[in-house]
Each structure stands twice: as C-alpha cells, then as structure tokens.
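We'll begin with the whole chain and then zoom in on its parts.

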Amino acid sequence: MTSTSNSADKDTNPVLHKVTLGERFLMVSEDEPLLVQLERAGITVEYQCREGYCSSCSIKLLKGTVVYLSEPLAWIHDGHLLACCAIVKSDIDIALY
Ligand code: FES
C-alpha cells in the first residue's frame, strides 16, 4: 500500500523543522509560531504584544526560512525574525541576543 499526502496526513503528521540555538536544538512544526514552541521547550524569549506590533521578540535568524501568515506591523531588521508570529519553513539557526 502506498502513502499519499492529504489533509488527514497533515493533521496527524505535521511537518517538522530543526531549530538550532547554539549547542541546543529542538524540532518545531509549521502549525504554530516559533515563540510558543521555544517557550514550550523552556527557552525564554522577550515579548510584549505577541501579535507583530512591538518587535520585542526580535531574534537573529542566522540561517533558514520563516514566513508570516500576515505581514507584521513591526520593523523586521535584516537577519532577524519576529518569534511571536514567525512560522518556520525550513531548518533554521537562530541566536537570541
Ligand atoms: S512580541 Fe511584539 S512583535 Fe513579537
């Protein structure tokens, strides 16, 4: 029997990507913003609005790709991401500060 990709597969088998933070790494899904997944792993990231307005959650994106489901209002500096609303779309390397 062959396996096919459909919405049921996506629900039960989320796409995972590796997030490397120095010597640590964790696997994250495309189903939630990066911030909540970092918090769940015990990694503290500063934040205020959690909605893309303030840029308090800005962290360095050293390698890889993230997307935003809606364009954040906060300025995103080159080489950074907004953790509260970034969806990880590839393996990424990040640095907090
Ligand atoms: S916490 Fe405000 S932009 Fe992310």
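Keep in mind that this is a predicted model. Let's start with how the chain talks to itself: of the contacts with a separation of 6 or more, 50% are between residues 24 or more positions apart. The chain has 97 residues, and 23% of them are buried.

What is the chain built from? It has two helices and seven strands. If you read from the N terminus, the elements go α-β-β-α-β-β-β-β-β.

Now for the sheet. Five strands come together in an open sheet, in the order β2-β1-β7-β3-β5, with mixed pairing. At the edges sit β2 (24–29) and β5, each of which pairs on one side only. Going from one strand to the next, the twist averages 40°.

Here is how some of those neighbours pair up:

| Strand pair | Sense | Bridges |
|---|---|---|
| β1 and β2 | antiparallel | six bridges |
| β1 and β7 | parallel | three bridges |
| β3 and β5 | antiparallel | three bridges |

Together with β2 it makes a hairpin, with two residues between the strands. G22 sits in that turn and has a positive phi of about 65°. As for β7, its residue D93 stands opposite T20.

Next up is the core. How many residues does the largest nonpolar core have? It has 18 residues, and those with the most contacts inside it are L34, V66, L81, L82, A83, A86 and V88. The largest share comes from α2, which supplies three residues.

In the core, L82 is among the residues with the most contacts inside it. Which residues does L82 touch, if you leave aside its neighbours within four places in sequence? The list is G52, S55, C57, S58, P72, A74 and I76.

Definitions and conventions: Residues numbered from 1 in each chain as written. Predicted model: local features only at pLDDT ≥ 70, side-chain atom pairs only at ≥ 80, totals over all residues. Core = buried A, V, L, I, M, F, W, Y, C linked by C-beta atoms within 7 Å. Buried ≥ 20, exposed ≤ 12 C-beta atoms within 10 Å, placed from the backbone. Helix = DSSP H or I, 4+ residues; strand = E, 2+ residues; numbered from the N terminus. Contact = placed C-beta atoms within 7 Å. Pairing = 2+ DSSP bridges. Axes fitted to C-alpha atoms, helices over the stretch in contact; angles between N-to-C directions.
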